Amino acid sequence: MNENEQFCITGWGAVSPAGWSAASLYEAVQAGEPLPVKEQQREGGAPMVRIREVPPMPSMQDWMKFSRMRRTTMVARYSLHAAVEALGIERLARVQKGEMKVGVIFCTMNGCVQFSRKFYAEVLKEPSLASPIFFPETVYNAPSSHISALLLSTEMNYTLVGDSAQFVSAIELATQWMEDDLVDGCLVIAGEERDWLSDEALRLFGRTAVAAEGAAAVFVERAEKGIAIKKCSRTWSYGNRMSAMEATRRVREDLLVVADGLLCDGLGKAAAGLELAESSVWADWTGSRASVRKILGEGFGVTSGWQTVMACEALGSGEHSLAVVAATGLSQQAAGLVLEMV
């Protein structure tokens, strides 16, 4: 990111087990009490899984009238709602009129798992009767396609398949697009939906793990006022050549931040080794902390998006002037952000 230019987050939105808004997420995390857990079993003999579901939508939204929403998976609906909240009605109208060039970056780990499971279950049962209606909604980029269609936009549109830290590195990509004058602003979105495939897979890392779903979105643009992106760390991949602990340590070194302000960490992971890496590296943080994963559950690819929205809400409310988002992903990378209200 070019530090001579100022890029700001000027809008944000979220869907989570706490509700259909960024405000509901912020209030739940501020309260500090983990949300109620529901236990569920796919069928007799299947393992019991622990989940936190998104509550029913409180009211009909205008975007639900969009023709593409008639047959979509929940991850597309969550993501579209968060994107509209991040843009706001007035800015959405400007984009639809072609007055702004807005790019879309969608991040996910599991993708459209509900329709994928339904489609391939039908293929295995009776291939000749498998419904082709399901297939377009099984691909990873289905949600981002719906979002650009609602925006009436033909601008840059990427889908990034990564782990729970992907959202943070996507913000860096958004600033690169603007540095190259490809877009005027960029929606960065993450979304996940629950299904027994991912719920039972999570259980392999810890039987007490709680699976969650939802979406998060931020709108990034050049601006004089807003929540400035003061620093994006390099995205450090971990694996055979570098441990998760070392990758997390390098993120903190990149951010060059003192132990002040609000730390929106990624603690609450089921994998003990990853939990230890993050808790150890940030152990000496003396400022405030917010751990969205402990309150909302394991959101997979949306988790660092929820962390970022939490940071934006805290800065927007005036409670803090600086916030750090620290994300050590579940399988491949670590990254971080420093945000400041300007």
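**Helix packing, sheets and loops in the predicted model**

Helix H2 passes helix H5 in a right-handed crossing; a crossing counts as right-handed if the near helix is turned clockwise from the far one by less than a right angle, and as left-handed if anticlockwise. The contact is made by Val75, Ala76, Ser79, Leu80, Ala83, Val84 and Leu87 of H2 together with Pro143, His146, Ile147, Leu150 and Leu151 of H5, where contact means heavy atoms within 4.5 Å. The structure is a predicted model, in which local features need pLDDT of at least 70 and side-chain atom pairs count only at pLDDT 80 or more, while totals for chains, interfaces and linings use all residues. Residues are numbered from 1 along each chain as its sequence is written, and side-chain values use heavy atoms, with hydrogens and water left out.

Two packed helices are described by the angle between their axes and the distance between the axes. H2 covers residues 74-87 and H5 residues 142-151, and their axes come within 9 Å and cross at roughly 40°. That makes H2 oblique to H5. Here, helices (H or I, at least four residues) and strands (E, at least two) are DSSP runs, numbered from the N terminus. Axes are lines fitted to C-alpha atoms, for helices over the stretch in contact, and angles run from 0 to 180 degrees between N-to-C directions. Angles under 35 degrees count as roughly parallel, over 145 as roughly antiparallel, 65 to 115 as roughly perpendicular and the rest as oblique.

On the H8 side, Ala244, Met245, Thr248, Arg249 and Arg252 meet Leu274, Leu276, Ala277, Glu278, Ser280 and Val281 of H9. Within H9 (residues 272-281), Leu274, Ala277, Glu278 and Val281 are buried; buried means under 20% relative accessible area, exposed over 50%, and partly exposed in between (1.4 Å probe, protein chains only). These residues cover an arc of only 85° around the axis, which puts them on the same side of H9. The arc is that of the directions from the helix axis to the C-beta atoms. Besides helix H8 (244-255), the buried residues of H9 pack against strand S11 (262-265) and strand S13 (322-328).

Turning to the sheets, strands pair through backbone hydrogen bonds, either parallel or antiparallel. Two strands are taken as paired if DSSP finds at least two bridges between them. An open sheet of 3 strands has the order S2-S3-S7, with mixed pairing. S2 and S7 stand at the edges, each with a single partner strand, so one side of each is left without a neighbour in the sheet. Helix H7 (residues 196-203) packs on this sheet and touches S3 and S7, its direction making about 100° with that of S3. Strand S2 (residues 38-41) pairs with S3 in the antiparallel sense over 4 bridges. In S3, lysine 38 has isoleucine 51 as its bridge partner, and glutamine 41 stands opposite methionine 48. S2 and S3 form a hairpin with 6 residues between them, and glycine 45 in the turn has a positive phi of about 95°. On the S7 side, 2 bridges join S3 to strand S7 (residues 210-211) in a parallel run, with alanine 211 as the bridge partner of isoleucine 51. Strand S3 (residues 48-51) has a covered face, Val49 and Ile51, and an uncovered one, Met48 and Arg50.

Elsewhere, 8 of the 9 residues of strand S8 (residues 214-222) are buried, so S8 is largely enclosed by the rest of the structure. S8 pairs in the antiparallel sense over 8 bridges with strand S1 (residues 7-15), where cysteine 8 stands opposite glutamate 221. S6 and S8 likewise pair in the antiparallel sense over 8 bridges, and leucine 187 stands opposite phenylalanine 219.

Finally, most residues other than glycine have a negative phi. Aspartate 181, in the loop between helix H6 (166-179) and strand S6 (185-192), has a positive phi of about 55° and counts as exposed at 57% relative accessibility. Leucine 256, in the loop between H8 and S11, has a positive phi near 50° and counts as exposed at 71%.
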